[in-house]
Amino acid sequence: MDLSKVPNEKKLYLCRWYFRVGFALLPFVWTVNAIWFFNEAFRKPEYEEQKNIKKYVIMSAIGSSIWFVLLATWITTFQLNRASWGEFADHISFIIPVGTP
Amino acid sequence: MAKIFHFQALVVLFYLFTFGYGQRTKDKMYEKIHGANGCYRRLNATHQIGGGSTGVVHYCETQGDLNYILKNGTAPPYIPVISTKLFTAETVEQIKGNGKVSGLIVYLEDKEKLDSFTHENQCPNPLTSVKDTCAKSSVWNPHGTGLLYADIPFPIFYVENQVEIVKIKDCFTKFNNFSYDSQDDRSLCSLELKSFMYATTNTPTCRRRSDLVTNLNPVKFCDPLGDSNVWATLFPLVRGKGNETVPIRDFKYIVIAARLDTTSMFEKTEGANNPITGLVTLLMTAKLLKDMTRQDESGEKNVLFMLFNGETYDYIGSQRMLYDMQQGDFPVKGLKNDNNILPVIRPDDISLFVELSQLGNSQGGNLYVHYYKNSAEITRFYEKLVQNQGAATLRNISQSLPPASVHSFLRNNSDFPGLIIADHEKSYTNPFYNSIYDNASNIAFIYYNATENNVSIPIGSIQQFVVNVSEMVAKSVYQELRNVTYTGTLDLQESASLADELLHCYLEDLNCKVHMATQKSRFPKAPDNFYVGVEHVSKFVTTLTALTLGWFTGDIEGKGDIDCTNVPKNYAFHYYNMSKSITDMNVTLCYKITMNTTEAVSPAFVIPGYDWSSGQYSTWTESTWAELGIRIFLKPSAAHEKMTIAIGSMTMIFFFRFRVLCKIEVSYTVYAAVTHRSTHRLLT
């Protein structure tokens, strides 16, 4: 969708809904929201809905970064400890690599 | 005219395409090395043992060659090609610590140049043997390197085919074996070893991972080692005629046992002294005993012949046999105590257990009878053995227990009446125990083909020795059964011919007379393998041995014909059409046999929720793998490799840019077309 052809209230509507949907454990929707509406929020001449759009873009960005940090921490911890956690690690795995401890 | 020309052109094109020399690039680059035997990764409850990779060939004739490359090699990783003489624990340790080596190829050296070659432990089966039966000061296998149980981080292959070794050596001489300082700057002859093993860590881990329900990509990581045990009895287990038989429940059993497996560092096994001498002696004993008692009715005692499988890996077969007996699942699983088909045999029904161990490397005809605790039964039987010893010299060694199946029974009951007959006193006389050198020449076996060539087998040969031992055991057991000495005569020359044939069967040719007599089909000429293998693959040798044991202990029911096997018969027997003897191959008789096989998989894999750390039963598994093999190829120099990747990357980047440019161009064109059309529509 080309945002330049969308009316301003529709932009706000979209941005708000992307932000809300992100709460359903969908951090990538927040990431998309933050990138997609970044120009609208910060680089376009001021218009009425821009303030709200800016708010949602910032919050989406914060939300997705928190998710990113959490995921990165968990993945690192898990990958480093998978072998030593033994049975527990096997039970929370969906795919077990062959030939590695 | 034009049509004919077109047709001709087509024909020419067709020939061009079909007669062209088409070969895949991969096949041009690599050449397979045939006759390569890898080694598997095996795991038990606590450890993994054994271990693809590529590396530059370095052919070593002496230890110096190997040391040179470990110190001065400029183009690691290397794959040294060494002889079996250099393949020692020290060498492997040295290579492990060096870091320049990514694999190892081993080729066969003449046996005469080796003093010993055995990679078993010095105390075989340390975890499942009776405690304190292998003293540090005098171990059973003094030359043992224990490499079989070492976790080696790189693949090792044994290449049997000398032609392939010459191929590798020629490639090494042509490309690698000069100016070592500049090896890095030129193309080098290299090898790729493929032996990627799926399982890691230990048996509990790989079993758990194979059974995970949550796994999205279910993979079997390892399989329990196992095969089948074979058993047969001298007298039927039932009394009565035809199908109206009742089981005989009050038999006491004299067990004559031997093992049915060996192992080696690599896929290939030989197993001449261990287990073939013991196995053949057991078969001959069965044959002689049957000949002695063919006309007799059974008394209070019966003889149970047992061949255990997987004994090399913590006594898998005997542990399972004992477990089955304790559960009341022997001879057949799931029969009630008071069934009317077969008696249920329990460990307490065994009155004597005679095990035939290695017998092929006797020095001066000396034989040793080992037992754990003295008892009346053992002393009595030993005296009988001495009476019947013939050309052999017997000695009894009390409170001594070499590795044997009887350990499983003694661990359960330390008063178990078991004794072992072996060619060794304090340590093995076989310096090639469980290795590829334990072959026919190790036991000085020469095939005489006595039945055809009409020659007598010389005194002092392994054939005569085997006959001697089996005659001794058979006569002693006869005395145990009947309480009188055997007064009949045995045709010992015929027995020697049969022993000659049996040893030939196991050591040289599966398509021998005995196997042709028991089952009338031929095998492809493949060497028999005595490695126990994984549970769902059964060995040829086990089936053939079961048939041979059945043939020797069976009763003749009449003429052999289709009715023998097809007419409904008694469940207590097996019926087979087999030849009358190895000299009367064309006369087929119907044999009624009390013989069967039972599962030889460790109870650890049968008991639900078995505690892996208890150490009670064998826990050996073998890792699964996708491919085992070796390829040889010419590896370009490092500079060449870097150049190739640089050109490749540049080409890729260039075409990405090109595509992006094209795309932008195209999208502009399309956009222009669309806008043009919409303006057009607006206007109209």
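**Stop 1: the interface.** Show chain A and chain B together. In this predicted model, the two chains bury about 1,200 Å² between them, 59% of it on carbon and sulfur atoms. Buried area is the accessible area (1.4 Å probe) that two parts lose on being put together, summed over both. Across the interface, 14 residues of chain A are in contact (heavy atoms within 4.5 Å) with 15 residues of chain B. The predictor gives the complex an ipTM of 0.74 and a pTM of 0.86.

Stop 2: Helices (H or I, at least four residues) and strands (E, at least two) are DSSP runs, numbered from the N terminus.

**Stop 3: the largest cavity.** Go to R259(B), N274(B), L356(B), S357(B) and Q358(B). Of the 15 lining residues, these are the closest to the centre of the largest cavity, whose volume is about 110 Å³. A cavity is a set of points on a 1 Å grid over the protein atoms alone where a 1.4 Å probe fits but cannot get out; lining residues have an atom within 4 Å of a point. Points are joined across faces, edges and corners, and the volume is the space filled by probe spheres set on them.

Next, colour helix 7 of chain B. It gives the largest share of this lining, 5 residues. Strand 14 (252-259) and strand 16 (350-356) of chain B each supply at least two.

**Stop 4: the second largest cavity.** Select its lining, including C39(B), Y40(B), R42(B), E267(B) and Y531(B). About 50 Å³ of space lies here.

**Stop 5: confidence in chain B.** The average is 88, and 92% of the residues score at least 70. Where pLDDT is low, the predicted coordinates should not be read in detail.

**Notes.** Residues are numbered from 1 along each chain as its sequence is written, and chains are lettered from A and ligands numbered from 1 in the order written. Local features need pLDDT of at least 70, side-chain atom pairs count only at pLDDT 80 or more, and totals for chains, interfaces and linings use all residues, while side-chain values use heavy atoms, with hydrogens and water left out.

Key:
pLDDT is the predictor's confidence in each residue, from 0 to 100. On a 1 Å grid over the protein atoms alone, a cavity is a set of points where a 1.4 Å probe fits but cannot get out, and a pocket is an open set with protein on both sides within 12 Å along at least five of seven lines; lining residues have an atom within 4 Å of a point.
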